[in-house]
Amino acid sequence: MTSSARPAAGSRVAPDADLLSRCRAGDPRAWRELVTAYERLVYSVPRSYGLDREDAEDVTQTTFAQLLSGLGSLRDDGSLVPWLGTVARRQTWRVIDRRRREREVFAPAQPDRDGTDPAAGAAHDPVDAYDEWMQRAWLYQGLASLDPACRRLLQALYLDDADPSYQAVAARLGKAVGTIGPARARCLRRLRSVMGDQ
Amino acid sequence: MTSGEHPAADFGTVVDWLEGRLDADASARVERLALDGAPDVLATVAWWRRFHAATSLATEPVPDGLAARLRAMGPIEPGAGPAEDASWLDRFAGAVRATLSFDSVQAPGLAMARSSSDATRQLIFSGPGLDVAVDLSEPRGNELTAGVQLLPLDRHADAAAVLVQTWARSGLVASQRSDDLGRVELGVLPADVVVMEVDRTSAWPAVHVELDLRRPA
């Protein structure tokens, strides 16, 4: 994907200002909604750079911790998603750097906990990783702007690993099979309207 | 359907066509419109392709333990429990609790060497593979601040960039990584029970240190 084709995360969608405002007011439900909306997106950053699950968990936790402690000082609520991505990438690089130093100290070669090699993962083209993340960000930011029912439905149909057939999705969500198709069209239309065509 | 949209090519129908959900006749009608360059159809196709490309960049679900920890960071539900409820400490069940091995108050020669205006108390907690030195001081009135020095038992182990998170009953207080020398400045801490969790590395497991910073009644 070229830079000119990068999704403009945050260009038309600003669903986060309300969530952030409620978080600042100490609303525990808002924090949970925010985590639900973006935990996968943040977790995908260290994973896309080849970090193992434990390190990816650390990066994700640190990123949300920084968000929580910096809620009052965020400059632009509409830029939450790029902010999360930047912090997660910075934390990821720190871990990669740390693991590299550990390997140097414990040379010649000490396998990582689950056999993955963060440095090898980091060799994945960072521009590609960034572009892919921006595409995910465009999608997740759009999903975050939908009502919970639409968000759950589209996740079940397009993002979950489980069977995406109407029958299976209806069973998982406790809906009638006949309602899935019309609801899907309505939710996709809404998603497109908030994400825009550009 | 928007104004000017062809009846056979409303958004839902085009998406159904793209996902192979239409019968042959309906499919042929939409396909004809697409081949004829109907703007609405082409716009929907372009959007759907981008949407589909984004969904195909799989994001794996976050592990359950992480999901729970992330949610637990946030504000606590009003009336979630009595003030003395210690259940919030359960989140540290997976970390080894470091035990106090040195307290400068118990070593008067060290503690009394400082003036009362610069009162610093040093505590050292010992865990497997790691000692954690905590310097507590009250530089501003009654506010307690703390600095932490990570001291790996293996002199080759790296104490830099280690995640140190500080929790209180109210939730996460601070989350920082140690500097190149293994030092973390925690800043002002609440006058309450505080737990510092030091992340595991290849040289030690996750370790937590509990501090009771409540003022005597």
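Me: What is buried area, and how much do chain B and chain A bury between them?
Reply: Buried area is the accessible area that two parts lose on being put together, summed over both. In this predicted model, chain B and chain A bury about 5,000 Å², with 55% of it on carbon and sulfur atoms. The contact draws 57 residues from chain A and 54 residues from chain B.

Me: How many salt bridges are there between chain B and chain A?
Reply: The count is 9 salt bridges. One of the pairs linking the chains is Glu19(B) with Arg184(A), whose closest N and O atoms lie 3.0 Å apart.

Me: Which elements of chain B each supply at least two residues of the side that touches chain A?
Reply: They are helix 1 (11-18), helix 3 (39-56), helix 4 (64-73), strand 6 (163-168) and strand 7 (171-177). Helix 3 of chain B gives the most, with 8 residues. By class, the side of chain B that touches chain A has 28 nonpolar, 15 charged and 11 polar residues.

Me: At what angle do helix 6 of chain A and helix 3 of chain B cross?
Reply: Angles of 65 to 115 degrees count as roughly perpendicular. The axes of helix 6 (residues 126-144) of chain A and helix 3 of chain B cross at roughly 110° and come within 9 Å. Helix 6 of chain A is therefore roughly perpendicular to helix 3 of chain B.

Me: Which residues meet there, in helix 6 of chain A and helix 3 of chain B?
Reply: Helix 6 of chain A brings Gln135(A), Trp138(A) and Leu139(A), which meet Trp47(B), Arg50(B), Phe51(B), Ala53(B), Ala54(B) and Thr55(B) in helix 3 of chain B. This helix contact has 6 nonpolar, 2 polar and 1 charged residues.

Terms used:
Residues numbered from 1 in each chain as written. Chains lettered and ligands numbered in written order. Predicted model: local features only at pLDDT ≥ 70, side-chain atom pairs only at ≥ 80, totals over all residues. Heavy atoms only, no water. Contact = heavy atoms within 4.5 Å. Buried area = accessible area lost by both parts, 1.4 Å probe. Salt bridge = Lys/Arg side-chain N within 4 Å of Asp/Glu carboxyl O. Helix = DSSP H or I, 4+ residues; strand = E, 2+ residues; numbered from the N terminus. Nonpolar A, V, L, I, M, F, W, Y, C, P; charged D, E, K, R; others polar. Axes fitted to C-alpha atoms, helices over the stretch in contact; angles between N-to-C directions. Parallel < 35°, antiparallel > 145°, perpendicular 65-115°, else oblique.
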